[in-house]
Amino acid sequence: MSRFTTIIPTPSDFKRILLILLGAIIFSLNLNSFVYAAEIFPGGFSGISLLVQRSAEKFFDVKIPYTVLYLSLNAAPVVISFLFIGKKFTLFSLLMIALSSVLTDALPQIQLTNDPLLCSVFGGILNGIAVTCCLRADATSGGTDFIAIYFSEKRGVDMWNYIFGMNVCVLIVAGFIFGWDKALYSIIFQFSSTQVLNRLYRHYQKITMLIVTEKPDELYKIIKQVTNHDATRFVGTGCFRNSQKTLLYTVVSSDELGMLSKALKSCDAEAFINVLQTKEIFGRFFTKTKD
């Protein structure tokens with residue numbers, strides 16, 4: 001019975017599917033409008049697919065479907081993700097990859113504007129929104145994200161700089177073949193996408209909380225229950241009233257801040273909470289594993 005119930009979709013699964021569907025539609029519409037109109041190159045395997053597709057058409061007069069290229073490039077990362085990251089996570093990511101690939105070939109190309117700067121900025125914004133929908137569904141849009149997540153979570157190696165280096169190589173090749181203006185506009189596209197993503201999805205951003213309270217045990221239990229993160233306790237003296245105070249120090253994900261702060265204040269309305277932006281962490285930090 002337990003095996004059977006694990007494959008029954010939950011309401012959360014349907015929400016994830018809807019987010020993935022929305023992300024795939026936005027992703028494919030963006031490729032068929034702004035990206036194709038300005039002939040720019042997104043990052044990751046999507047950019048590599050477009051580079052190969054346009055090169056084959058330019059030099060060999062061969063039209064290769066985007067679906068074939070994108071699915072082929074993602075074959076190996078999907079297997080790695082399924083074996084080592086998370087099965088459900090991989091299946092939802094595969095759904096995103098398949099939908100976005102098929103819709104890109106199926107939907108017509110829409111030319112909203114010929115201005116490459118407008119295409120780069122608004123195309124990057126739409127790409128950031130599409131990727132955010134995918135990440136909120138606890139999935140990925142595929143390609144280099146699989147590689148980065150695997151090495152970051154399983155091997156403790158920061159791969160994002162390597163991914164950035166690969167994207168730079170793609171843009172250099174694109175610049176030699178199709179002109180440096182296309183490569184430079186592609187940088188604007190990727191920058192716009194990154195800014196939107198950082199605004200809308202804060203799971204990987206870390207926040208330091210310094211909490212001065214007279215109810216340390218109760219507040220620590222809330223921190224543990226809400227975030228599953230630990231805390232460090234410091235005992236001191238409040239100078240104004242010359243009374244004993246306790247400082248709880250903890251680091252949480254940025255998307256957990258709102259819920260946690262509300263729970264802490266409901267328990268201790270007198271608590272003094274200082275929130276600091278955390279640039280980098282060295283050491284153990286709880287990260288929810290992929291399902």
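**Aromatic pairs**

The model contains 5 aromatic pairs, where rings of Phe, Tyr and Trp (its six-membered ring) pair if their centres lie within 6.5 Å. Planes under 30 degrees apart count as stacked, over 60 as edge-to-face and the rest as tilted. This is a predicted model, in which local features need pLDDT of at least 70 and side-chain atom pairs count only at pLDDT 80 or more, while totals for chains, interfaces and linings use all residues. Residues are numbered from 1 along each chain as its sequence is written, and side-chain values use heavy atoms, with hydrogens and water left out.

Select Tyr-66 and Tyr-70. The ring centres of Tyr-66 and Tyr-70 are 5.4 Å apart and the planes are at 15 degrees, so this pair is stacked. Both residues belong to helix α4 (residues 66-84), where being 4 residues apart separates them by about one helical turn. Helices (H or I, at least four residues) and strands (E, at least two) are DSSP runs, numbered from the N terminus. Tyr-66 and Tyr-70 are buried; buried means under 20% relative accessible area, exposed over 50%, and partly exposed in between (1.4 Å probe, protein chains only).

Next, select Phe-89 and Phe-146. Their ring centres lie 6.3 Å apart with the planes at 90 degrees, so the pair is edge-to-face. Phe-89 is in helix α5 (residues 87-106) and Phe-146 is in helix α7 (residues 144-153), so the pair ties together parts 57 residues apart in sequence. Phe-89 and Phe-146 are both buried.

**Charges over rings**

Select Phe-41 and Arg-54. Arg-54 lies over the face of Phe-41, 4.7 Å from the ring centre. The rule asks for NZ of Lys or CZ of Arg within 6 Å of the ring centre and within 35 degrees of the ring normal. At Phe-82, Lys-87 lies over the ring face, at 5.4 Å from the centre.

**Asn-32**

Go to helix α2 (residues 11-38) and select Asn-32. Asn-32 is buried, with a relative accessible area of 2%. Leaving aside neighbours within four places in sequence, Asn-32 is in contact (heavy atoms within 4.5 Å) with Leu-103, Thr-104, Leu-107, Pro-108, Gln-109 and Ile-110. From C-alpha to C-alpha, Asn-32 and Asp-105 are 8.6 Å apart in space, and they are 73 residues apart in sequence.

**The sheet**

Now show the strands. An open sheet is formed by 4 strands in the order β2-β3-β1-β4, with antiparallel pairing; two strands pair if DSSP finds at least two bridges between them. The edges are β2 (232-238) and β4 (272-278), each with a single partner strand, so one side of each has no neighbour in the sheet. From one strand to the next, the twist averages 25 degrees.

Select β1 (residues 206-213) and β3 (residues 243-253), which pair in the antiparallel sense over 8 bridges. Leu-210 has Tyr-249 of β3 as its bridge partner.

**Helices across the sheet**

Helix α10 (residues 216-227) lies across β1, β2 and β3, at about 5 degrees to β3. Axes are lines fitted to C-alpha atoms, for helices over the stretch in contact, and angles run from 0 to 180 degrees between N-to-C directions.

Helix α11 (residues 257-267) lies across β1, β3 and β4, at about 5 degrees to β1. Which residues of α11 are buried? They are Leu-257, Leu-260, Ser-261, Ala-263 and Leu-264. These cover an arc of only 165 degrees around the axis, which puts them on the same side of α11; the arc is that of the directions from the helix axis to the C-beta atoms. Their cover includes β1, α10, β3 and β4. Finally, turn to the face of α11 away from its buried side, which carries the exposed residues Gly-258, Met-259, Lys-262 and Ser-266.
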